[in-house]
Amino acid sequence: MRPHLSRVPGVLGEIARRRAEEVVPYPLPPAPKTVPSFREALLQPGLSVIAEVKKSSPSEGAIRALDPVAASLAYQRGGARAISVLTEPHYFGGSLEDLLRVRQAVDLPLLRKDFVVDPFMLKEARAYGASAVLLIVALLGELTGVYLEEARRLGLDALVEVHTERELELALEAGAEMVGINNRNLTTLQIDLTTAPRLGRLAREAGFGGVLVAESGYSRREELRPLEGLFDAVLIGTSLMKSPDLEEALRALVG
Ligand SMILES: O=C(O)c1ccccc1NCC(=O)[C@H](O)[C@H](O)COP(=O)(O)O
């Protein structure tokens, strides 16, 4: 079952509709027998970092044409607990090939970072070595629970992404065990670093005891302070990718 994407505004709608047009099932390579647990990696003590391989974006245009394997090895040395690999090709310069190559090079759990709008994309994620997928409530709406169930059935963890109070309610109703709160409004691309702590507190007040991940816009250590004791993990892409030394940049942020 697919979500109704005509109702999704802005660049997010554009990306997702293009993605949906491209999904044509094909024979997948055999999935790795086991992959490390994304959820358990993020539950280690302290604020875990999910470091993102992101070559370009709608916000920034070209960021850096760094080899995803080289970037991921540097992230692993720098202390990342998981790696997010963009697989969307048109706006982010990613691919499933990148995901597979990173899987073969590092031991960390991988998040397939894409705009999932068809259940086949979950099967692809599993086949190409992901431990987890991103499910964006602004895209999936009431279908979030259906995609969550399908992800679980395939043995994938799911990071359910929200940006508003209503989306948070939907994520919790759907039974999300990992919630990502995006500081970036995916319609306007504006970043507001007060979004994650505000919605994070609401989630905890509502009794959410699962994994909380703050996403987007972080580039300095002091910006992570409001997350301490509330969030389990932070997802960082652009500022790391722009740094001359990824390993050092990661240590400077959270080391
Ligand atoms: O990054 C964008 O410009 C963007 C535009 C439209 C949809 C999604 C977008 N980014 C996805 C993300 O959430 C980020 O890649 C991730 O949270 C890391 O953010 P950052 O550290 O700011 O690169």
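Select serine 216 first: at 12% relative accessibility this residue counts as buried, a term that means under 20% relative accessible area, with exposed meaning over 50% and partly exposed in between (1.4 Å probe, protein chains only). The model is a predicted one, in which local features need pLDDT of at least 70 and side-chain atom pairs count only at pLDDT 80 or more, while totals for chains, interfaces and linings use all residues. Residues are numbered from 1 along each chain as its sequence is written, and side-chain values use heavy atoms, with hydrogens and water left out.

Serine 216 is located in the loop between β9 and β10 (233-236). Helices (H or I, at least four residues) and strands (E, at least two) are DSSP runs, numbered from the N terminus. The phi of serine 216 is near 80 degrees, a positive value in a residue other than glycine.

Which residues does glycine 217 contact, leaving aside its neighbours within four places in sequence? They are Ile191, Leu193 and Glu223, where contact means heavy atoms within 4.5 Å.

Leucine 189 is the next selection, in the loop between β8 and α9. Its phi is near 70 degrees, a positive value in a residue other than glycine. With a relative accessible area of 27%, leucine 189 is partly exposed.

Continue to helix α9 (residues 195-205), whose buried residues are Thr195, Ala196, Pro197, Leu199, Gly200 and Ala203. To see their surroundings, display α8 (165-173), β8 (178-182) and β9 (211-215), against which the buried residues of α9 pack. Glycine 207 follows α9 and has a positive phi, near 95 degrees.

Now select glycine 145, which belongs to helix α7 (residues 144-153). Glycine 145 is partly exposed, its relative accessible area being 22%. A distance drawn between the C-alpha atoms of glycine 145 and alanine 171 reads 7.9 Å, for residues 26 apart along the chain.

Is α5 mostly covered or mostly uncovered? It is mostly covered, seven of its eight residues being buried. These are Phe120, Met121, Leu122, Glu124, Ala125, Arg126 and Ala127. The buried residues of α5 pack against α1, α4, β5 (110-113), β6 (132-136) and α7. Just after α5, glycine 129 adopts a positive phi of about 100 degrees.

Rings of Phe, Tyr and Trp (its six-membered ring) pair if their centres lie within 6.5 Å; planes under 30 degrees apart count as stacked, over 60 as edge-to-face and the rest as tilted. By this rule there are two aromatic pairs. In the pair of tyrosine 26 and phenylalanine 120, the ring centres are 5.3 Å apart and the planes stand at 75 degrees, so the pair is edge-to-face. This pair links distant parts of the chain, 94 residues apart: tyrosine 26 is in the loop between α1 (10-22) and α2 (38-42), and phenylalanine 120 is in helix α5 (residues 120-127). Tyrosine 26 is partly exposed at 31% relative accessibility, whereas phenylalanine 120 is buried at 11%.

Phenylalanine 115 is the following stop, in the loop between β5 and α5. It counts as buried, at 9% relative accessibility. Leaving aside neighbours within four places in sequence, its contacts include Leu12, Phe92, Met121 and Leu139.

From there, select leucine 139, which touches residues including Pro3, Leu5, Val8 and Phe115, not counting those up to four places away in sequence. Leu139 is among the residues with the most contacts inside the largest nonpolar core, together with Leu42, Tyr75 and Leu135. That core has 91 residues; a nonpolar core is a set of buried Ala, Val, Leu, Ile, Met, Phe, Trp, Tyr and Cys residues joined through side-chain atoms within 4.5 Å.
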